[in-house]
Amino acid sequence: MYYLDEPYVGKKEKKYLNQCVTSGWISSQGPFVKKFEKKFASYIGVKYAISCASGTAALALLFKTLKLKKGDEVIMPALTFSADGFALLQSGAKLIFVDCFPNSFCVDTNAVIKKITKKTKIICPTHLYGFPADLDNLKKICKKKKIYLVEDCSQASGTKYKGKKVGSFGDFNIHSFHNKLIASGEGGMITTNNKKLAKRFEYLKNPPSVNRPEEMDGFKEISLNQRLSNLHAAVGLAQLERLENNIRKKNAMAKIYNDIFKKSKFIDFIKPKKTERVVYWRYTIFLDKKINRKKFIKILKRSGIITRETYLPLHLHPIFKKKKKLNLPNCEEIGKYGLDIPSGVNLKKKNIIFIANKIVEEAKKLSKK
Ligand SMILES: Cc1ncc(COP(=O)(O)O)c(C=O)c1O
């Protein structure tokens, strides 16, 4: 079977896990947590990286750290992972969905500008599938209007925008390690240059008993455990040490896919700009409109090729039903015709060629039916 994003777990992960088990340091108090944070901060190019239990936990805690309240507005793309929308719904703030640029996975800056009001507190672009958002312009707007910029880099560890890593532009940025470019089992991180925000995030992810014994006789604020364990950090560090190698493999994979798909009339894909280093968490194709996507998925599965429909934009889900009537044609188009195809680092060149040729062949057949 060729899966979507099977992680590579090697000798280094085993070595570091072994060190946890033999030393007995398996909880979040163990040394790998700080080592992973320090190395991640230096890799992204920020002063602070603070780990937590997941990308979702990072989002929820971040909204709490920034003291979002009812009436505040947060602008985010409708084409993103559920956790962004869910964490925001839970915060009580007002969610403003906007479209992405045409032929892009990322939020349309002009659409964002149109939605800014006096109540806008955060703009939260997602670097979807490892493609970077329009960071220079988003950053300029946020600075001018005194709005927080929060990058969702969950699918984009190592993505570069004009030579700099994503996760270093925003005020406060989130990362996920659930089968992403870094796969630590579960896990998340925030990156920031703001010491005050970093400290508050650290406070909120720790209940008093472990890190603040002085508070045991006088609790001050709710802080629920959202820590990363030493075991997860050990795997995360091993993965981080291999990240650049994995990004090279992902780009080699994308080149093979691009070269084969560009010869097909029935398959399209998004090309990165010269100023971007895309990490291809997942490689996504767009099927000719005549092709029945569900049927296509079933046919590919018979050859062992696992594919998945691209995200249905959040405004079209029942939980966001009040937003159903929004007109966001670019992301709706992606949601309708997009297909994620196997993109894991374990795929060999011959596997990638087989998958691509099969996709081209079946797309041609189905487009005629
Ligand atoms: C864009 C995006 N944001 C947030 C998350 C949430 O991360 P986690 O699964 O670690 O909670 C994910 C996870 O896939 C994601 O893709």
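## Conventions and salt bridges

A salt bridge is counted where a side-chain nitrogen of Lys or Arg lies within 4 Å of a carboxyl oxygen of Asp or Glu. The model is predicted, so local features need pLDDT of at least 70 and side-chain atom pairs count only at pLDDT 80 or more, while totals for chains, interfaces and linings use all residues. Residues are numbered from 1 along each chain as its sequence is written, and side-chain values use heavy atoms, with hydrogens and water left out.

By the salt-bridge rule, the count comes to 26. One of these joins the side chains of Lys162 and Asp136, at 2.8 Å from N to O. The pair links distant parts of the chain, 26 residues apart: Lys162 is in the loop between strand 6 (160-161) and strand 7 (164-165), and Asp136 is in helix 6 (residues 135-145). Helices (H or I, at least four residues) and strands (E, at least two) are DSSP runs numbered from the N terminus.

## Helix 13 and its partners

Axes are lines fitted to C-alpha atoms, for helices over the stretch in contact, and angles between N-to-C directions run from 0 to 180 degrees. Angles under 35 degrees count as roughly parallel, over 145 as roughly antiparallel, 65 to 115 as roughly perpendicular and the rest as oblique. The axes of helix 10 (residues 243-261) and helix 13 come within 10 Å and cross at roughly 30°; helix 10 is therefore roughly parallel to helix 13. Contact (heavy atoms within 4.5 Å) involves residues including Met253 and Tyr257 of helix 10 and Ile352 and Ala356 of helix 13.

Helix 11 (residues 293-302) and helix 13 (residues 349-367) have axes that come within 11 Å and cross at roughly 135°. These two helices are therefore oblique to each other. Lys295, Phe296, Ile299 and Leu300 of helix 11 make the contact with Lys358, Ile359, Glu362, Ala363 and Leu366 of helix 13.

## Helices 1 and 9

Helix 1 (residues 11-23) packs against helix 9 (residues 230-241) at an angle of about 150°, with the axes 9 Å apart. Helix 1 is therefore roughly antiparallel to helix 9. Among the residues that meet are Tyr16 and Leu17 in helix 1 and Leu231 and Ala234 in helix 9.

## Surface patch

Phe86, Leu89 and Ile319 form a nonpolar surface patch with about 280 Å² of accessible area together. Ile319 is placed in the loop between strand 13 (308-309) and helix 12 (329-337). Patch residues have over 30% relative accessible area and no salt bridge, with like charges joined within 9 Å and nonpolar side chains (Val, Leu, Ile, Met, Phe, Trp, Tyr) within 5 Å. Accessible areas come from the Shrake-Rupley method with a 1.4 Å probe, and for residues only the protein chains shown count as cover.
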